[in-house]
Amino acid sequence: MLERAKGLVKKVTLEVVYEVVDERTKEILEVVKEIEKRQNEDFRYLNQKIDTQIGQVRNEMGQLRQEIGQLRQEITQMREEFKAEIHRLDEKIDRMNQRIDTVIQMLSEILRSK
């Protein structure tokens, strides 16, 4: 009977230990699930934040591209205006050279006629 009692006590003790282990395992699993849930929420938040920032960077890049395009147009316009001004100055210089040539010819003729 003592053997049987020992066996029964062992069995009950093991069952109690298994229950405690099962209970503690459940608690640990709940904690792990809560941690996983928080991690998933954090990842979602971070992904949303990253997406928002990427969108902002893309918008800024688009604005920069527009500004660069405007600057290119302004530079092209200024270059054309500069070329036109150089052309006008070249024409004035040509006219002045013609006048100087005319004056030199007149002076030459005056000196010859004397």
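## Overall form

Buried residues account for 0% of the 114 residues in the protein, a value that, like the others here, comes from a predicted model. The protein has 1 helix and 0 strands, and its radius of gyration of 48 Å is well over the 13 Å that the globule rule gives for 114 residues, so the chain is more spread out than a compact globule. Taken along the principal axes, the C-alpha atoms fill a box of roughly 165 × 20 × 10 Å.

## Surface and charge

The accessible surface comes to about 11,500 Å², with 57% of it belonging to carbon and sulfur atoms. A nonpolar surface patch of about 490 Å² is made by Phe43, Tyr45, Leu46, Ile50 and Ile54, and Phe43 lies in helix α1, which covers residues 2-113. The protein carries 22 positive and 23 negative charges, whose mean positions are 2 Å apart.

## Salt bridges

The structure holds 3 salt bridges. Glu27 pairs with Arg24, their closest N and O atoms being 3.0 Å apart; these two residues are 3 residues apart in helix α1 and are therefore separated by about one helical turn. Glu27 is partly exposed at a relative accessible area of 37%, as is Arg24 at 47%.

In a further salt bridge, Glu34 and Arg38 have their closest N and O atoms 3.8 Å apart, and both lie in helix α1 with a spacing of 4 residues, about one turn. The side chains of Arg88 and Glu85 meet at 2.6 Å, N to O, and this pair is 3 residues apart in helix α1; Arg88 is partly exposed, with a relative accessible area of 42%, and Glu85 counts as partly exposed at 36%.

Key: Residues numbered from 1 in each chain as written. Predicted model: local features only at pLDDT ≥ 70, side-chain atom pairs only at ≥ 80, totals over all residues. Heavy atoms only, no water. Patch = residues over 30% accessible without salt bridge, like charges linked within 9 Å, V, L, I, M, F, W, Y side chains within 5 Å. Areas by Shrake-Rupley, 256 points an atom, 1.4 Å probe, with all protein chains shown as cover. Salt bridge = Lys/Arg side-chain N within 4 Å of Asp/Glu carboxyl O. Rg over C-alpha atoms; globule rule 2.2 N^0.38 Å. Buried < 20%, exposed > 50% of the residue type's maximum accessible area, 1.4 Å probe, protein only. Lys, Arg positive; Asp, Glu negative; His and termini not counted. Charge placed at Lys NZ, Arg CZ, Asp CG, Glu CD.
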